[in-house]
Amino acid sequence: MSDLASAIDSLAAEDPAELPVGLVAEQLLDLHWQMARLQAQIARRTYLRVSSESPN
């Protein structure tokens with residue numbers, strides 16, 4: 001989660017107008033994949049918690 005926060009802070013601190021378009025695209029893709037990994041972790045943890053709480 002700290003990686004995601006660092007990536008967001010890094011993007012927020014930069015002025016996109018000063019960066020090459022390729023670099024901005026690369027950063028956005030990296031941020032997208034970090035968010036996808038975080039969502040997958042949350043889904044796994046939620047599934048595990050719900051599965052262990054179910055009476056079956």
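Predicted model: local features only at pLDDT ≥ 70, side-chain atom pairs only at ≥ 80, totals over all residues.
Let me begin with the overall picture. The protein contains 2 helices and 0 strands. Its exposed surface comes to about 4,700 Å², and 61% of that surface is supplied by carbon and sulfur atoms. I shall now take individual residues in turn, starting with helix H1.

Helix H1 covers residues 2-13, and Asp 3 lies within it. Is Asp 3 buried or exposed? Its relative accessible area is 56%, so Asp 3 is classed as exposed, the threshold for that class being over 50%. Between Asp 3 and Leu 38 there are 35 residues of separation in sequence, while their C-alpha atoms stand 10.0 Å apart in space.

Ser 6 also has its place in helix H1. With a relative accessibility of 46%, Ser 6 counts as partly exposed. From Ser 6 to Leu 31 the separation is 25 residues in sequence and 9.8 Å in space, C-alpha to C-alpha.

Ala 7 is another residue found in helix H1. Ala 7 is buried, because its relative accessible area is 14% and the limit for burial is under 20%. Which residues does Ala 7 touch, once those up to four places away in sequence are not counted? They are Leu 31 and Gln 34. Ala 7 can also be related to Gln 27: the two are 20 residues apart in sequence, with a C-alpha to C-alpha distance of 8.0 Å.

That brings us to helix H2, which spans residues 21-53 and includes Gln 27. Gln 27 has a relative accessible area of 17% and is therefore buried. If its neighbours within four places in sequence are left aside, Gln 27 is in contact with Leu 11, Glu 14 and Leu 19.

Gln 34 lies in helix H2 as well. Why is Gln 34 counted as buried? The reason is its relative accessible area of 12%, given that burial means under 20%. Not counting residues up to four places away in sequence, Gln 34 touches Asp 3, Leu 4 and Ala 7.

Gln 34, in helix H2, touches Asp 3 and Ala 7, among others; Asp 3 and Ala 7 both belong to helix H1. Of those two partners, Asp 3 is exposed, whereas Ala 7 is buried. Gln 27, for its part, is a buried residue of helix H2, and Leu 11 is one of its contacts. Thank you for your attention.

Key. Residues numbered from 1 in each chain as written. Heavy atoms only, no water. Helix = DSSP H or I, 4+ residues; strand = E, 2+ residues; numbered from the N terminus. Areas by Shrake-Rupley, 256 points an atom, 1.4 Å probe, with all protein chains shown as cover. Buried < 20%, exposed > 50% of the residue type's maximum accessible area, 1.4 Å probe, protein only. Contact = heavy atoms within 4.5 Å.
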